[in-house]
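Me: I have a model open and would like to learn to read it feature by feature. Can you walk me through it?

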Amino acid sequence: MAILDILRFPDARLRTKAKPIDEVTDELRQFIDDMFETMYEAPGIGLAATQVNIHKQLVVVDVSEDKSEPYCFINPVITHAEGEDVCQEGCLSVPEYYADVSRAENIKVKALDRDGKEFEIEADGLFAVCIQHELDHLKGKLFVDYLSPLKQKRLLKKIEKLTKQNATA
């Protein structure tokens with residue numbers, strides 16, 4: 001297994017729309033394992049293939065405290081969404097920044113698992129928020145897109161400042 005490089009905002013590659021996966025292969029399953037390892041190492045609770053510069057419709061999620069509930073979603077589609085929940089979100093591609101985002105409270109998702117078998121799952125709470133967040137990545141959308149233009153501008157200034165500090169360190 002390997003730790004993959006996670007793209008950082010405002011990298012334009014994060015805006016690439018992911019393409020469907022045609023076939024589940026051993027190579028894809030190895031990539032899924034690498035994504036889980038990268039997500040756990042970061043540490044995070046979700047990771048989209050787009051974030052590691054592979055523009056395929058694939059996300060991994062595990063919101064459990066002990067890393068015991070890994071979910072892989074290939075070609076995921078939200079088939080039902082209801083309610084509204086505001087949750088503070090962060091992102092491995094936007095480190096050290098958190099903001100309140102409004103998402104559906106309950107969702108149903110249809111996808112393929114790591115073996116290419118179709119499944120449907122209902123999610124609520126943090127699990128639902130995380131899935132919606134990761135599926136946004138597949139559309140080239142980031143949680144910061146839900147922020148006001150003023151907050152987006154402040155975030156970009158903060159990132160520029162951190163980048164300069166890291167370059168001189």
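## Cysteines first

Reply: The sulfur of Cys72 lies 13 Å from the closest cysteine sulfur, that of Cys130, which is too far for a bond. Keep in mind that this is a predicted model.

Me: What kind of bond would that be?

Reply: A disulfide, which is a covalent bond between the sulfur atoms of two cysteines. To count as one here, the two sulfurs have to be within 2.5 Å.

Me: Are Cys72 and Cys130 buried or exposed?

Reply: Buried means under 20% relative accessible area. Cys72 counts as buried because its relative accessibility is 9%, and Cys130 is buried too, with a relative accessible area of 4%.

Me: Let's move to helices. How do I read the length of α2?

Reply: Compare the span with what 1.5 Å a residue predicts. α2 has 14 residues and reaches 21 Å from its first C-alpha to its last, close to the expected 20 Å. The same kind of check works for α1: its 16 residues should span 22 Å, and the end C-alpha atoms are 23 Å apart, which agrees.

Me: How many residues of α2 are buried?

Reply: Twelve of the 14, so α2 is largely enclosed by the rest of the structure. Among them are Phe127, Cys130, Ile131, His133, Glu134, Asp136 and Leu138.

Me: What does His133 touch?

Reply: His133 lies in helix α2 and counts as buried because its relative accessibility is 6%. Leaving out residues up to four places away in sequence, His133 touches Glu89, Gly90, Cys91, Arg103 and Phe143.

Me: And what follows α2?

Reply: Gly140, with a positive phi near 80°.

Me: Which residues of α1 are buried, and what covers them?

Reply: The buried residues of α1 are Leu28, Phe31, Ile32, Asp34, Met35, Phe36, Thr38, Met39 and Tyr40. Their cover includes β1, β2 and β3.

Me: Now the backbone. What should I expect of phi and of peptide bonds in general?

Reply: Most residues other than glycine have a negative phi, and most peptide bonds are trans.

Me: Which residues other than glycine have a positive phi here?

Reply: Asn53 is one of them, with phi near 65°. Asn53 is in the loop between β1 and β2, and counts as partly exposed because its relative accessibility is 31%. Glu96 also has a positive phi, about 65°, although it is not a glycine. Glu96 lies in strand β5 and is exposed, with a relative accessible area of 58%.

Me: Where do I find cis peptide bonds?

Reply: Look at the bond from Phe9 to Pro10, which is cis with omega near 15°. Pro10 sits in the segment before α1. The bond from Ala42 to Pro43 is cis as well, with omega near -10°, and Pro43 is found in the loop between α1 and β1.

Me: What is the volume of the largest pocket, and which residues are closest to its centre?

Reply: The largest pocket has a volume of about 460 Å³. It is lined by 24 residues, and the closest to its centre are Gly44, Ile45, Gly90, Cys91 and Leu92.

Me: Which elements supply the lining, and what classes of residue does it have?

Reply: β4, β5 and α2 each supply at least two residues of the lining. By class, the lining has 14 nonpolar, six polar and four charged residues.

Conventions:
Residues numbered from 1 in each chain as written. Predicted model: local features only at pLDDT ≥ 70, side-chain atom pairs only at ≥ 80, totals over all residues. Heavy atoms only, no water. 1 Å grid on protein atoms, 1.4 Å probe; cavity = no way out; pocket = protein on both sides within 12 Å on 5 of 7 lines; lining within 4 Å. Points joined across faces, edges and corners; volume = space filled by probe spheres on them. Helix = DSSP H or I, 4+ residues; strand = E, 2+ residues; numbered from the N terminus. Nonpolar A, V, L, I, M, F, W, Y, C, P; charged D, E, K, R; others polar. Expected span 1.5 Å × (residues − 1). Buried < 20%, exposed > 50% of the residue type's maximum accessible area, 1.4 Å probe, protein only. Contact = heavy atoms within 4.5 Å.
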